[in-house]
Amino acid sequence: MDNRIWRIARRPQGSDFAAALELVSAPLAPLAAGEIRIRNTHLSMDAGTRLWLTDRTDGYQPPLPIGAAMTGLVLGEVIESRADGFAPGDLVRAFGQWADISTLDAAMSGAIRLDPSVQDRRAWFGPLGMNGWTALWGVERTGAARPGEKVLVSAAAGATGILAVQIARLLGCEAWGIAGGPAKCAYLLEELKIAGAIDYKAGDLETQLDAAGGFDVYFDNVGGKLLDAVLLRMNHYGRIAVCGLVADYAAGTRTAPKEFDQVLMRRLRVEGFFSPDFMHEGESLTARLRAWYEAGALTMPYDVTRGLEHTLVAYGKLFAGANIGKVIVELEG
Ligand SMILES: NC(=O)c1ccc[n+]([C@@H]2O[C@H](COP(=O)([O-])OP(=O)(O)OC[C@H]3O[C@@H](n4cnc5c(N)ncnc54)[C@H](OP(=O)(O)O)[C@@H]3O)[C@@H](O)[C@H]2O)c1
């Protein structure tokens, strides 16, 4: 049986993914011991995977080699298993391939069985997924946000950011977001009802930040120039939780904050964090997120593209800022 797979033909330049990835057909190999096969129903588009497409070897994970299948989080049903604890029909999430069918080592790929009673299974990519874990960890643990503090989140209308601002508010903080464009800011203010939204594309970023006042926690998804602007507006003893540096991923640049001396002047703590490091706490993080989600306190809009062949259109949205919420590819059954 043949399987369609997105294969990395060459390193992408900027956001030209169509020139770098190709959809190929390949036969399914027999399963090895410990492996499972998943019929993917959904692919999660995650901005951090852009780093895996570079040839950087100093990242938190080695690059994917040219010729390999593109990897990402997938959701679907097990159709074949040679791994303990997994049986055909199980709903699972794992790091698999951008393909109709993922073949993976269950332990190495972080495969977990999911509760099929959750009505909208896309939630396993959003509030109940890695973005949820990341947002909760970044606000509460790395950011050490305390009730009453002012928490600012960049890329606030994206998957991770939307959850981070909501979680900050649920933890009793005053949540602020930075996002690109009036539609995203309107969403944050009107739908999520956070305290304030800053449109970094409006041309008066510094004035908007000054009007907002100082911040105790910055949950940074972006890096780049925004980080410099925020460093100058942090309160003393503030914390910067470095979640992502999306401004740099496609550009191939490195953030070197000009205003780094503010870390000393304002006695800031700057700390990066990475979700695979706290996978072992996934169950307890999910339980807390699920309680909020089922109470209607944690919402997520989905930006859905249908069809494996259109995956690159969905992926490109992350780097063009064309999405509000979680970008997902839904595969036709
Ligand atoms: N540390 C971890 O474990 C972890 C886990 C998950 C995600 N992350 C990080 O979280 C961030 C968001 O990822 P996501 O998958 O949830 O994507 P997302 O926020 O749904 O989409 C990416 C958003 O980033 C913004 N953006 C893109 N290019 C930008 C640029 N040059 N300057 C400023 N903003 C830009 C865009 O929003 P605007 O229109 O507002 O610009 C875009 O909508 C990424 O940095 C990712 O690496 C980290």
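The legends below describe close-up views of a predicted model.

Residue numbers start at 1 in each chain and follow the sequence as written. Because the model is predicted, local features require pLDDT of at least 70 and side-chain atom pairs count only at pLDDT 80 or more, whereas totals for chains, interfaces and linings use all residues.

**View 1. The two domains and the side of domain 1 that touches domain 2.** The chain is assigned to domain 1 (2-125 + 301-330) and domain 2 (130-276); such bounds come from an automatic or database domain assignment. The centres of domain 1 and domain 2, taken over C-alpha atoms, are separated by 28 Å. Contact joins 14 residues of domain 1 to 14 residues of domain 2, two residues being in contact if their C-beta atoms, placed from the backbone, lie within 7 Å. On the side of domain 1 that touches domain 2, the residues comprise 6 nonpolar, 6 polar and 2 charged. In this classification Ala, Val, Leu, Ile, Met, Phe, Trp, Tyr, Cys and Pro count as nonpolar, Asp, Glu, Lys and Arg as charged, and the others, Gly among them, as polar.

**View 2. The shell of residues around the ligand.** There are 30 residues around the ligand, of which Gly 48, Gly 158, Gly 180, Gly 244 and Gly 321 come nearest; a residue is near a molecule or strand if its C-beta atom, placed from the backbone, lies within 6 Å of it. Two or more residues of the shell are given by each of α1 (130-142), α2 (159-170), α6 (246-249) and α9 (311-320). Helices (H or I, at least four residues) and strands (E, at least two) are DSSP runs numbered from the N terminus. Domain 1 and domain 2 each supply at least three residues to the shell. By class, the shell holds 15 nonpolar, 13 polar and 2 charged residues.

**View 3. Helix α9 and its buried residues.** Thr 311, Leu 312, Ala 314, Tyr 315 and Leu 318 are buried in α9. A residue is buried if 20 or more other C-beta atoms lie within 10 Å of its own, exposed if 12 or fewer, and partly exposed in between, with C-beta atoms placed from the backbone. These residues lie on the same side of α9 because they cover an arc of only 160 degrees around the axis, the arc being that of the directions from the helix axis to the C-beta atoms. The buried residues of α9 pack against β1 (2-8), β2 (21-27), β3 (35-44), β14 (302-306) and β15 (326-330). After α9 comes Gly 321, with a positive phi near 70 degrees.

**View 4. Helix α5, with Val 230 and Asp 228.** In helix α5 (residues 224-231), the buried residues are Leu 226, Leu 227, Val 230 and Leu 231. Their arc around the axis is only 135 degrees, so they fall on the same side of α5. The cover over the buried residues of α5 includes β8 (150-153), β9 (174-179), β11 (215-220), β12 (234-242) and α7 (262-265). Val 230 has 24 other C-beta atoms within 10 Å and is therefore buried. Not counting residues up to four places away in sequence, Val 230 touches Leu 152, Phe 215 and Tyr 218. Asp 228, also a residue of helix α5, counts as partly exposed because it has 16 C-beta neighbours inside 10 Å. Apart from neighbours within four places in sequence, Asp 228 contacts Pro 257, Lys 258 and Glu 259. From Asp 228 to Thr 255 the separation is 27 residues in sequence and 9.6 Å in space, C-alpha to C-alpha.

**View 5. Strand β5 and its pairing partners β4 and β7.** Strand β5 (residues 91-97) is mostly covered, with 5 of its 7 residues buried. Strand β4 (residues 71-81) pairs with β5 in the antiparallel sense over 7 bridges; two strands pair if DSSP finds at least two bridges between them. Within β5, Arg 93 is the bridge partner of Leu 75. Antiparallel pairing also links β5 to strand β7 (residues 112-113), over 2 bridges. In β7, Ile 112 is the bridge partner of Arg 93.

View 6. The loop between α3 (182-191) and β10 (196-199) contains Lys 193. With 11 other C-beta atoms within 10 Å, Lys 193 is exposed. Arg 267 belongs to the loop between α7 and β13 (269-272), and is exposed, with 12 other C-beta atoms within 10 Å.
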